[in-house]
Amino acid sequence: VIATMPIMMFAMNVTTLAVVWYGGNIIIAGNMQVGDLTAFTTYIVQILMSLMMLSMVLLQSSRAIASVKRISEVLDTEIDLTDENASRKDLKVTEGKVEFKDVAFSYSNEGGEKILEHINFTAEPGKVLGIIGTTGSGKTSLVQLIPRLYDVTEGCVKVGGVDVCDYNLEALRDQVSMVLQKNVLFTGTIYDNIRWGDENASDEEVQRMCKLAQADGFVNEFPAGYNTQIVQGGN
């Protein structure tokens, strides 16, 4: 498949060269006009270009088939992170207490290399807990276990005294917020960006959230305040 295009180009150039050489000899012998050779060469090139397009179709088709197989693998993959076994799907998070009890985690599940192992701590409501470590030590992975972006391999994580696996996923993730080190801004106003969390939030609610996040000060430094237009990437 990789050699298809070079072979077609080689065949096209050799054919054109042969036609010009053979036709030139006939013209020199006085048996054909230059216009006839020009027309014949044009026809040959058009035919060869059509064959080249056909080879491109075959080449792109093989790539498309490989891509379809890969996409199908993703679409057909069964999701193993569900709340089908949640004991109480109407359960709500009542307090912000977070507990890790002998937690171990591996991206390859059981048998894989453990990113986290024997993690035990309790974060009390209203308190600040700092976890320090080098890049790649598992800090982000640890935080992602709280809203069940991943499931623990061993042990359990509790929020409000309840195992996160017993919550409805939507309820848990609506009530457990996570601010990562890399955030994305979309084209629109500051109001529009903040309303990604609640499209029906009023202007007053948006401003209250910004005050809680200590962002109200620098937002109001813009001439248009919360109506300031930003583009993707934050420019």
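The model is a predicted one, so please read every value below as computed from it. The largest pocket has a volume of about 1,200 Å³, and the second largest pocket has a volume of about 740 Å³. The largest nonpolar core holds 19 residues, and another core, of eight residues, lies apart from it.

**The largest pocket**

- With a volume of about 1,200 Å³, the largest pocket is lined by 31 residues.
- Nearest its centre you will find N193, I194, R195, W196 and G197.
- Four helices each give at least two residues to the lining of the largest pocket: α4 (169-175), α5 (190-194), α6 (203-212) and α7 (216-219).
- Helix α6 provides the largest share of that lining, with six residues.
- Sorted by class, the lining of the largest pocket has 20 nonpolar, four polar and seven charged residues.

**The second largest pocket**

- The second largest pocket has a volume of about 740 Å³, and 27 residues line it.
- The residues closest to the centre of the second largest pocket are V98, V143, I146, V176 and S177.
- Two or more lining residues come from each of β1 (98-105), β2 (116-123) and α3 (139-144).
- Helix α3 makes the largest contribution to the lining of the second largest pocket, at four residues.
- The lining of the second largest pocket splits into 17 nonpolar, five polar and five charged residues.

**Nonpolar cores**

- Within the largest nonpolar core, of 19 residues, F100, I119, L145 and V159 are the ones that touch the most other members.
- Strands β1, β2 and β3 (154-159) each supply at least two residues of this core.
- Leaving out residues up to four places away in sequence, L145 touches F100, V103, F105, L116, Y150, D151, V152, V157 and V164.

**R195, beside the centre of the largest pocket**

- R195 is one of the residues that lie nearest the centre of the largest pocket, and its place is in the loop between α5 and α6.
- R195 counts as buried because its relative accessibility is 18%, and the cut-off for buried is under 20%.
- The side chains of R195 and D203 are joined by a polar contact of 2.4 Å.

**Q175, in helix α4**

- Q175 sits in helix α4, one of the helices that supply at least two residues of the lining of the largest pocket.
- Q175 counts as partly exposed because its relative accessibility is 34%, and that class runs between the 20% and 50% cut-offs.
- Although Q175 and V93 are 82 residues apart in sequence, they are 6.6 Å apart in space, C-alpha to C-alpha.
- The Q175 side chain reaches the backbone nitrogen of V93 at 3.2 Å.
- Beyond residues up to four places away in sequence, Q175 touches K92 and V93.

**T189, in strand β5**

- T189 belongs to strand β5, which covers residues 188-189.
- T189 counts as buried because its relative accessibility is 10%.
- Not counting residues up to four places away in sequence, T189 touches Y226, N227, T228 and Q229.

How values were computed
Residues numbered from 1 in each chain as written. Predicted model: local features only at pLDDT ≥ 70, side-chain atom pairs only at ≥ 80, totals over all residues. Heavy atoms only, no water. 1 Å grid on protein atoms, 1.4 Å probe; cavity = no way out; pocket = protein on both sides within 12 Å on 5 of 7 lines; lining within 4 Å. Points joined across faces, edges and corners; volume = space filled by probe spheres on them. Nonpolar A, V, L, I, M, F, W, Y, C, P; charged D, E, K, R; others polar. Core = buried A, V, L, I, M, F, W, Y, C linked by side-chain atoms within 4.5 Å. Buried < 20%, exposed > 50% of the residue type's maximum accessible area, 1.4 Å probe, protein only. Contact = heavy atoms within 4.5 Å. Polar contact = N/O pair within 3.5 Å; in protein donor to acceptor, adjacent residues only side chain to side chain.
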